[in-house]
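Subject: Handover of a structure, with notes

Dear colleague,

Please find below the structure that I am handing over to you.

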Amino acid sequence: MRNHLGSYECKLCLTLHNNEGNYLAHTQGKRHQTNLAKRAAREAKEAPAQPQPHKRKVNIRKTVKIGRPGYRVTKQFDPETKQRSLLFQIEYPEIEDLAKPRHRFMSSYEQRVQQFDKRYQYLLFAAEPYEIIAFKVPSTEIDKSTPKFFSHWDPDSKMFTVSLLSTWFTP
C-alpha cells in the first residue's frame, strides 16, 4: 500500500519500502511469505467450521479401457426438405451388461486436444469399457425435433445410432 509520504508499506509485515521495486521484492521474500502462512493458519483456526453444502458423491470407476469402438458415419440427403444429415453408427460388442452408451456435444472451447476453433464443435460417444470417441462437426444449431434428431441403442445388435440434421447441410 502506498502511504501519504510516497513510500510503500506492507500492512502484513509492518515494513516501509522506498520504492515499488523494493516492495515487490519484499513480497517475494521469506519474511513476507512466512507472515502470509501465519495469517492463513490463524484465519483457518479462528474461522468457525462452515457446513459444506451437500455435494453429490460421484464414484469414479477405474476400468481398463479396451480400445475404440467400431463406427460408421453416413452422409444422408432428405429429398423432401433438401437438407443433408449425418448418421453415426457406433458398435459396442463388448459393452458392460445393462450399460447404455451416451453422447453429448462439446464446444471447441471445452476440449484440450486441438486448438479451439469457434467454427466447430465435437460430438462425443462414451460407453464402458471403451475409450471415448469424438467427431468434429460444424458449430451450428442442431435441429433436435423428434423426426430429424434421434438416438437409439439396440442392445441385441449392440449398435448405438445417432442421426442429426443441421442448417449447415443445406445445399
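This is a predicted model: local features need pLDDT of at least 70, side-chain atom pairs count only at pLDDT 80 or more; totals for chains, interfaces and linings use all residues.

Residues are numbered from 1 along each chain as its sequence is written, and side-chain values use heavy atoms, with hydrogens and water left out.

The whole chain

The protein chain contains two helices and ten strands. Here helices (H or I, at least four residues) and strands (E, at least two) are DSSP runs, numbered from the N terminus. Along the sequence their pattern is β-β-α-α-β-β-β-β-β-β-β-β. The chain has 171 residues, of which 30% count as buried; buried means under 20% relative accessible area, with a 1.4 Å probe and protein chains only. Of the contacts (heavy atoms within 4.5 Å) between residues at least 6 apart in sequence, 45% join residues at least 24 apart.

The UniProt record, in an unreviewed entry, places the feature "domain: Matrin-type" at residues 8-38; such annotations may be inferred rather than shown by experiment. In the model this span is 55% helix and 19% strand, and its end C-alpha atoms lie 22 Å apart.

The sheet β5-β6-β7

Three strands form an open sheet in the order β5-β6-β7, with antiparallel pairing. β5 and β7 stand at the edges and have a single partner strand each, so one side of each is left without a neighbour in the sheet. The twist averages 25° from one strand to the next, the axes being lines fitted to C-alpha atoms and the angles running from 0 to 180 degrees between N-to-C directions.

Two strands are said to pair if DSSP finds at least two bridges between them. Strand β5 (residues 102-107) pairs with β6 over six bridges, and Met-106 has Tyr-122 in β6 as its bridge partner. Six bridges also join β6 to strand β7 (residues 133-138). Here Leu-124 stands opposite Ala-134, and Phe-125 has Ile-133 as its bridge partner. β6 and β7 form a hairpin, with six residues between them.

Why is strand β6 described as largely enclosed by the rest of the structure? Six of the seven residues of β6 (residues 120-126) are buried, so the strand is largely enclosed.

Yours sincerely,
A colleague

Note on methods: Buried means under 20% relative accessible area, exposed over 50%, partly exposed in between (1.4 Å probe, protein chains only).
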